[in-house]
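Please keep the sequence and the 3D view open as you read.

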2 protein chains.
Amino acid sequence: MLKIALAQINLLVGAIDANQNKIIEIAQYARDKLAADIVVFPELSITGYPPEDLLFRADFIKKSKQAVLAIAESVQGIDIILGFPEQIETYLYNSAAVLRNGKIIKHYQKNALPNFGVFDEQRYFQAGDQSCVFAVKNTAIGITICEDIWKKGLIEKNKVAGADLIVTLNASPFHAGKIHQREAIVCQQAKETEISLVYVNAVGGQDDLIFDGASFVVNAKGNVVFRAEEFEEQVSVISFDNQTPIQNSCATLYSKLSSEYKALVLGVRDYVHKNDFQGVLLGLSGGIDSALVLAIAVDALGADHVEAVLMPSKYTQDMSNEDAIIEAETLGIKHHIIAIDPAVTAFTGMLSDLFFNTEIDTTEENIQARCRGVLLMAMSNKQGKLLLTTGNKSELSVGYATLYGDMAGGFAPIKDVPKLLVYQLAKYRNTLSPVIPQRVITRPPSAELAPDQRDEDSLPAYSVLDPILEMYVEQDKSAKEIQAAGFQLADINRAISLVDKNEYKRRQAPPGIRITPRAFGRDRRYPITSGYKGSI
Amino acid sequence: MLKIALAQINLLVGAIDANQNKIIEIAQYARDKLAADIVVFPELSITGYPPEDLLFRADFIKKSKQAVLAIAESVQGIDIILGFPEQIETYLYNSAAVLRNGKIIKHYQKNALPNFGVFDEQRYFQAGDQSCVFAVKNTAIGITICEDIWKKGLIEKNKVAGADLIVTLNASPFHAGKIHQREAIVCQQAKETEISLVYVNAVGGQDDLIFDGASFVVNAKGNVVFRAEEFEEQVSVISFDNQTPIQNSCATLYSKLSSEYKALVLGVRDYVHKNDFQGVLLGLSGGIDSALVLAIAVDALGADHVEAVLMPSKYTQDMSNEDAIIEAETLGIKHHIIAIDPAVTAFTGMLSDLFFNTEIDTTEENIQARCRGVLLMAMSNKQGKLLLTTGNKSELSVGYATLYGDMAGGFAPIKDVPKLLVYQLAKYRNTLSPVIPQRVITRPPSAELAPDQRDEDSLPAYSVLDPILEMYVEQDKSAKEIQAAGFQLADINRAISLVDKNEYKRRQAPPGIRITPRAFGRDRRYPITSGYKGSI
C-alpha cells in the first residue's frame, strides 16, 4: 500500500522563510500522523504563486534554492514533492523537486508555460522538455505541473517514460465554474491514458486571485474518487493499492453562488491578514453594494474587525440611513455618522469664483463622492485600517464611479461582481441569516448624488446592461454579435462606448477579487490611449 | 538605382481607419514626390503598437486585414511594406505584408517574440519560423521585425535565403541610452553578415511608452550612413546603388538630457492630443517638480493650453507662492490661487469627535494633499482638462506621496524621472530659456505639509537615495550588493523597505512616461501582497 498526502495549503507570496517553515511542519505531520510515503505540495510552494517580478531577483532565486535544501535536510523519512523556481545555467524553470533523505533526488521542469489570461509564465521561465519519473514502493510516479495536464500528450509522455501514477502540482485560480472544467479535463486525461492522477491545488487569496483548493484524485477509469474541501486548507492522505486509489470520499461541490460568496470571503480575509491590517473600514450608503461588502467583510474577519461610516448628504434619503444603520446593528459592527455637508459647502465656496456662471454637472456630484473619500481615507490613515471600496463590475465597466471618491480604497471585494450577481449574492447571504434588509434589495439603485437620481436615468437597466457587458468585456463579442443576441443597438452602443472610454478609471482602481473568467486587471490589458471604438 | 522610403510616422493604437488613411497618404507621397520604389512603415502599423488585448477581438483582427487590402487597392505603383496582426488558421502572427499593385505579394511572420520588460508578445502571437525575401529591381530584400534583429542568426538566415538587403519594421521604445544600444546591435549584425540594413522605427507617445524614431540605414560595413530625426515624424528616401546606400546624412544625436526632455514633451503632447483633451491643468507648489512639469506642458502644448492653480496652506512659505507665480508669469499661463484652509478646517471639524485624543500624524498631512486633489479634480471635471500629477520616481518608489492627493491626476509626466534627474532637467530647460527661478532649484525640497518640513527629515538625502533606488528597482540588486557599492546599511534598509511596502500606492498611480530602462508599471510587475523583504 502506497500512501500519498495531498498538502492543500495557503502560502504567502515572497515569504520564503515562512513558507519553508510551514512546509516542514506539514511534511512532518504527513509522515508522523498520516504515515504517508509521499507528501505533495502546490506549484511554486516555496515562493507562493504568482511571485511575478520577484523572480528576476537573484537573491530571491538563491534563497528559494536554500529553502528547498533546508527542507530536505529537516524532514527525512518521507518523500516530499514541492515546487520552486529553479536556476539552471542562465535559465529559470518552474520546477518540482523530489526530496528524499536530505537530498534532491529528482527535479522536473514544467513543460507547458501558460502565457494568457492572468498568466505571464513565459516572461520568467524557460519550458522544460523532459518528463520525470521516480519510484516509491515499486510504483513509478510521473510529475507534472498545472498547465502540463491541460495539454494533450504530456500524460502519455509520462506513461511512455514508465509512470504508473501521475502527481500534479498546481496553483489553479478560481472563477465560477472553473472546478468543473478542471475536473473534466483531468478525468478525461486519466481515462484516455488509463492512469490514476493526484491533483494538489493551492488555496488562498493573492491580490486579485483566489486559489480554491478542491484537490482531488482520479482513478484510471477517469472517476474522481477523492476531493478535498474548496476554499480551505486541508492535508489529506490517500492509499493506493497497486496504483489504484482505494478511498472514495468526495467533499460535495458548492453551488455557483455559494462558491462565489466563499471566494469573496476568502479573498478579503487573506488580503487583510497577509497584508497585516488590523481590520477594515467602509462607507455604508444604504445601497446594495455596500450592504453586500459589509456582510462579506464581517464573514471574513468578524464584527470586531469591521467598522462602517454613514456619510449622508442632502440627497441621501432617510430610508438609506435607516437601512444602513439596520445593517450595521444586525451585524453588530461599530458605526459612525458624519454628514458631508460642511466639506461640500467649503469646496463649493472655494470654487465659486472659478465656477461662476457655469452649469451644474457631474463635477458637483464628484465633489460629494470625493469628500467621502477624504473622510474614509483619513479614518483609514489614523487607525491603520484597510478601506474597502464597494463598487461592482458593472459600474467599473461603464465608469459609473468617481475616481478618488467612491473608488478610493485599498481593496475592492466586489470589483468583479456584476450588479445582477450582487443582488443574487445578497439574497444568497440572507438565506444563511438575514443581514441585508429586504428594502435594500428591492428599491431601485441610486448613487444619491443629485435630486431623485437613479442609475437607470443614465444607464440601460442592469438586466440589459449586464449581459451586454459580459459579451463585450469577457467574451470579446462585437456590437453586431451582441445585437444578434437580441439587444437594442442604442443600449449596446451606449454600454460599449462607456467601457471604451473609461479604461483610465479602471487603471487607477484598487485590486479586487476575480470570480469571473475575465476580470479587469492583469486579465484584460487594454490601452488607455486608443482609437478603437467598439460601438457602431 | 533602388529608392527606399522610410516612413517614420506617429500612429494611434486601435485607430485602424485613421492609420489606414495616413498610410495611404504617406505611400502616395513616397511614390509621387520621392519617386520611391518601396515605402516601409513601422511594426504593426495598421493597429499602432502595442495594441494589447485588442488583439483578442475577432472584429479588430478582421478589420486590420481589410485595411491592409484597402491600402493595397488604393496605392499602386509602389511596393508598400507594413505591419499588421495576421490570422492564419487559429494562430495570430505579428506580420509584415508586401503590397504591390493591389495585392499582398508576400507576407512575413515575426520569428522572435519579445516577452520581457514592457513586452507581452507571446501573450498574443505565435512565432513564425520562415524568412521572407522578395525582389525589386533585381535586388532581393529580406524582411525582419524588431526583436528579430536583436537575435543572432536571423539576418544570416535571410542571407542564406538570398537577401541582398534587409528591411526591418520596428516599434522600439525609448529609454535613455537605448538609441546607442540599438544602433550598436544593428551595425554589428550588418557588419558580421556583410549586408546593408534599413531600420524604420515608429515615433510618438502611447500611454507610458515613447517611440523615438531615429530610423536609420547601415551599410554592409556596419556604418550608419543615414539617420532620421529623433522624436519627430519624418519620411525620408534613400537610394541604393547595387545594394549599397549612397546617402550620407545623419541627424545629430541629442545629448542624454536633451533626449529625455524631448521624450517627456512628446509624451505629454501625444497623451493629451490622442486622448482628445483640450488642455491640461496642474497644481503649482513653488517646488521643483511642478516647475519642471509646467515647463514640459507648455513646451508640449503651448501656454494657451496649460492652466495652473496655487493652493497654499498655512505651511506654505511665501517664497513658494512667489516662485510659483513667477513660473506661471514667465511662461505666460493662466493661473489661480485657492487657499485650502476652508476645506481643511471643515474636515478637521467633521473628524474632531472621531479623532479626539489621537496624536497628530501623517493623516493630517494627507488631508491637506487630498483637499488639493478634490479642487484640482473639480476643475478638471468642469473644464474637461487633463490633470497632470507632478510626482517624481524617487517619491513614487518610497511612497512619499498621498494617494488621491498629490497623486491624483490622469497623467504623470515625470513619474519615471528620479529626483536628481529632475534637477538636471530643470537646469537643462533653463539653458534653452530661463523659466524656473534659481531659488526653486537651490532650496531644500519640502512637501510643506507640516511646520518646517523637509524631505530629508524622513528620507535619506536624494544623492544617497537615488542611486540606492536605481540599484534596487531598476537593477534588482540585493541590499548586500548595494552595501558593497559603498552605501550605509541604514539608508539602504530604509529605502528598500519603503519601496517594498508601497507597491499598493504605485498600483493606483496614473500612467506616466518611461525614460529609464525600467519604469514602474508594465515594466515592473510586483505583487502587492508579498512577504518578500529586500532589507536585511
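A polar contact here is a pair of N or O atoms within 3.5 Å; within protein, one must be able to donate a hydrogen and the other to accept it, and residues adjacent in sequence count only if both atoms are side-chain atoms. By that rule, five residue pairs (both at pLDDT 80 or more) are in polar contact across the interface of domain 1 of chain A and domain 2 of chain A.

Some ground rules before we go on. This is a predicted model, in which local features need pLDDT of at least 70 and side-chain atom pairs count only at pLDDT 80 or more, while totals for chains, interfaces and linings use all residues. Residues are numbered from 1 along each chain as its sequence is written, chains are lettered from A and ligands numbered from 1 in the order in which they are written, and side-chain values use heavy atoms, with hydrogens and water left out.

**The two domains of chain A**

Chain A is assigned domain 1 (2-253) and domain 2 (258-452), with bounds that come from an automatic or database domain assignment. Taken over C-alpha atoms, the centres of domain 1 and domain 2 of chain A are 40 Å apart. Where they touch (contact means heavy atoms within 4.5 Å), domain 1 of chain A contributes 13 residues and domain 2 of chain A contributes ten residues.

The size of an interface is often given as the accessible area lost when the parts come together. Buried area here is the accessible area (1.4 Å probe) that two parts lose on being put together, summed over both. A salt bridge is a side-chain nitrogen of Lys or Arg within 4 Å of a carboxyl oxygen of Asp or Glu. The table sets out the values for the two interfaces.

| Interface | Buried area | Share on carbon and sulfur atoms | Salt bridges |
|---|---|---|---|
| Domain 1 and domain 2 of chain A | about 920 Å² | 66% | zero salt bridges |
| Chain B and chain A | about 6800 Å² | 58% | eight salt bridges |

Strand 10 of chain A gives the most, with three residues. By class, this side of domain 1 of chain A has eight nonpolar, three polar and two charged residues. Ala, Val, Leu, Ile, Met, Phe, Trp, Tyr, Cys and Pro count as nonpolar, Asp, Glu, Lys and Arg as charged, and the others, Gly among them, as polar.

**Where chain B meets chain A**

Between the chains, 80 residues of chain B are in contact with 79 residues of chain A. B:Arg57, B:Lys382 and B:Thr529 supply 12% of the area that chain B buries against chain A, more than any other three residues. B:Lys382 also forms a salt bridge with A:Asp361, with the closest N and O atoms 3.2 Å apart.

Several helices of chain B each supply at least two residues of the side that touches chain A, among them helix 2 (58-74), helix 6 (256-274) and helix 10 (362-383). The largest share, 13 residues, comes from helix 10 of chain B. This side of chain B divides into 41 nonpolar, 18 polar and 21 charged residues.

**Sheets and a sequence-spanning pair**

Two strands pair if DSSP finds at least two bridges between them. In chain A, four strands form an open sheet in the order 19-18-17-20, with parallel pairing. Its edge strands are strand 19 (334-337) and strand 20 (386-387) of chain A. A:Leu281 stands opposite A:Leu387 in strand 20 of chain A.

Chain B has an open sheet of seven strands in the order 5-4-3-2-1-14-15, with mixed pairing. Strand 5 (103-109) and strand 15 (244-245) of chain B are at the edges with a single partner strand each, so one side of each is left without a neighbour in the sheet. Nine bridges join strand 3 (residues 79-88) of chain B to strand 4 (residues 91-100) of chain B, which run antiparallel.

Finally, the side chains of A:Asp37 and A:Lys137 meet in a salt bridge (3.1 Å, N to O). A:Asp37 lies in the loop between helix 1 (16-32) and strand 2 (38-40) of chain A and A:Lys137 in the loop between strand 6 (133-136) and strand 7 (139-145) of chain A, so the pair ties together parts that are 100 residues apart in sequence.
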